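Hi,

Here is the structure I promised to pass on.

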Amino acid sequence: MSLTLEQVRRIAHLARIEVSATEAEATVGHLNGIFQLIEAMQAVDTRGVEPMAHAQDLAQRLREDAVSEPDRRLAFQAIAPEIEAGLYLVPRVIE
Amino acid sequence: MRGEESAPAHAMPHMIERSLKELSAALAAREISSVELTGLYLERITRLNPEYNAFITVDPETSLAQARAADARIAAGNAGPLTGIPIAQKDIFCTEGWLTTCGSKILSNFVSPYDATVIRRMHEEAGLVCLGKTNMDEFAMGSSNETSFYGPVRNPWDVTRVPGGSSGGSAAAVAARLAPAATGTDTGGSIRQPAALCCITGLKPTYGLVSRYGMIAFASSLDQGGPMARSAEDCALLLASMTGFDAHDSTSLDRPREDYAGDLDRTLDGLTIGLPKEFFGEGCDPAVMAAVRTAIAQYEKLGARTVDVSLPNSHLSVPAYYVIAPAEASSNLSRFDGVRYGYRAPEYSDLNDMYAKTRAQGFGAEVKRRILIGAYVLSHGYYDAYYLQAQRIRRLIADDFAAAFKHCDVILGPTSPSPAFKLGAKAADPVQMYLSDIYTIAVNLAGLPALSAPCGFVSEGGTRLPVGLQLIGNYFSEARLLNVAHRYQQATDWHRQAPEGL
């Protein structure tokens, strides 16, 4: 398979990464090189093989429904790019 | 550990050549204080780091304050075996009050408001002193340390060459004696490959043994922190300070904590070493292979026997990894959006534009490539062909190891197919760079423990370059792996070699 410039632009949009026209061209080449490497997988017959998501067969732990963390809002917001009245500020999305 | 060292001080090696056990004894005997020892290393970092670029951040005041607290603990008689020993932390571990960048511009202003569990265990509980935060490939994505926003690390054995990656700053710092030991993280070889290229010992533990809480996530089902030091014995002591159940990490394993140093001296008589034919075929530098063969002969002298085994799907580990790791990375790195912390683009037109510009400016080229691969393989219509297929191959790879361990106790082979390469040699070709990890990646996919230990040198253009041997064990066999490496290190002195001019 081979990615097109249009597909690269689309996934860059999905990933919220701005790419310039020249970057997109270079990226197509690099990504296609990587996908050539990945293609070796496609020749393998894996019918009946259970997908392995994780190295250990773990069940998700449950915990008591109780407050476990202290309020550290001030410390966490002290490093934010822009805050006001305890809220994170972003550009207006609703006019 | 106190009182075991009876040799007089003058018979001991220089402080920077001492093992952690020897440093612990020197601190206990008041031969040196933690403040003096920390000062000695801070002075070396100030003087020598510009040559290697191994550290991103040093904060002498904080380090010395920790050392004073350690000295007080030693004076009060409630010191642990590592209290007062300074170490370097990979800049992937969130450290409260310290700049924690993960080698990225997008975190270049991130002073962590909390400690990773590894940081809390090692510094608050064990009383180790933090010397600084080490340089690394951006978000641990690289095998040469060239993707760091803070510039490449240089290999202390030859400053025109890479130290390996992604824990290259940690490896270089230990090799150049800028720290007695360090931490690393290993997603596809990031502890073992730089350990091999810099002539140090590094262990990637069984997945789930070391908490990932506060360890900035790259590929969550593969990432695992571990020790990097000059010997297996040092790694055993450090590992004991890093492991243990952590309720903050949903994949942390609830197991009793182990004493990894207790079995170091166990005999190797009767040990069966598996040699996978796939690790001894084409694709490895013959001089690297010769050093590994010499190590095998040494193991036979120590009482081990070898048996041929096979990992028939190991050639698929790099392809499967470059689906699974980018998929997890694209999801993990979506949190870096310029809203709650880190870099935000100075100019943008609306919210989407702010995200897109922040991420375009904040991430380097390799990180962007992996996010894009991940977004693609997870996208509608491609998920089954790529992501599910990779997970099925992951199962085949894990099954290969399970079958091999029916015939052997540990698996041995080279860590890296070549010694340290020149800076820039593979930087333009991602695929060539990815193939640096052909012997290490399968271990992460299976979640097994493995270590790299120095086993010789090759000569390239008159320069001596270190070679590492890799030992892979079954789940939870860290103590055995460290024992197998320790007995080798008692019989050889490769791990004691240091770059010239230190």
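The buried residues of H2(B) are covered by, among others, helix H1 (20–28), strand E1 (55–57), helix H3 (60–76), strand E2 (86–90), strand E3 (129–134) and helix H5 (168–175) of chain B. Before I go on, this is a predicted model, in which local features need pLDDT of at least 70 and side-chain atom pairs count only at pLDDT 80 or more, while totals for chains, interfaces and linings use all residues. Residues are numbered from 1 along each chain as its sequence is written, and chains are lettered from A and ligands numbered from 1 in the order in which they are written.

Helices (H or I, at least four residues) and strands (E, at least two) are DSSP runs, numbered from the N terminus. A residue is buried if 20 or more other C-beta atoms lie within 10 Å of its own, exposed if 12 or fewer, and partly exposed in between, with C-beta atoms placed from the backbone. Contact means that two such C-beta atoms, again placed from the backbone, lie within 7 Å.

Back to H2(B): its buried residues are Ser34(B), Leu37(B), Thr38(B), Tyr41(B), Leu42(B), Ile45(B) and Tyr52(B). The helix spans residues 34–52 and bends by about 40° at Thr46(B), with Pro50(B) following within four residues. (The bend is the angle between axes fitted to the seven residues ending at a residue and the seven starting there.) After H2(B) comes Asn53(B), which has a positive phi near 60°.

**Chain B overall**

Chain B has 15 helices and eleven strands. Its C-alpha atoms fill a box of roughly 70 × 55 × 50 Å along the principal axes. Of the 502 residues in chain B, 63% are buried. Among the contacts with a separation of 6 or more, 76% are between residues 24 or more positions apart.

The largest nonpolar core has 175 residues, and those touching the most other members are Ala173(B), Val174(B), Ala179(B), Ala236(B), Val323(B) and Leu471(B). H9(B) gives the most to this core, with nine residues. (A core here is a set of buried Ala, Val, Leu, Ile, Met, Phe, Trp, Tyr and Cys residues joined through C-beta atoms within 7 Å.) Leaving aside neighbours within four places in sequence, Ala236(B) is in contact with Tyr260(B), Ala261(B), Leu264(B) and Leu482(B).

Ser170(B), in helix H5 of chain B, counts as buried because it has 40 C-beta neighbours inside 10 Å. Beyond four places in sequence, Ser170(B) touches residues including Ala88(B), Lys90(B), Thr134(B) and Met228(B).

In strand E11 (residues 463–473) of chain B, nine of the eleven residues are buried. Two strands count as paired if DSSP finds at least two bridges between them. Phe457(B) is the bridge partner of Pro466(B), and Gly413(B) stands opposite Gln470(B). Two residues lie between the strands in the hairpin of E10(B) and E11(B), where Gly461(B) has a positive phi near 60°.

**Backbone spots to check**

Most residues other than glycine have a negative phi, and most peptide bonds are trans. Phe476(B) has a positive phi of about 65° and sits in the loop between E11 and helix H15 (478–491) of chain B. Arg16(A), in the loop between helix H1 (5–14) and helix H2 (21–38) of chain A, has a positive phi near 55°. The peptide bond between Gly165(B) and Ser166(B) is cis, with omega about 10°.

**Where the chains meet**

How many residues does each chain bring to the contact? Chain B brings 54 residues and chain A brings 40 residues. On the side of chain B that touches chain A, H12(B) gives the largest share, ten residues. That side has 33 nonpolar, eleven polar and ten charged residues. (Ala, Val, Leu, Ile, Met, Phe, Trp, Tyr, Cys and Pro count as nonpolar, Asp, Glu, Lys and Arg as charged, and the others, Gly among them, as polar.)

Cheers
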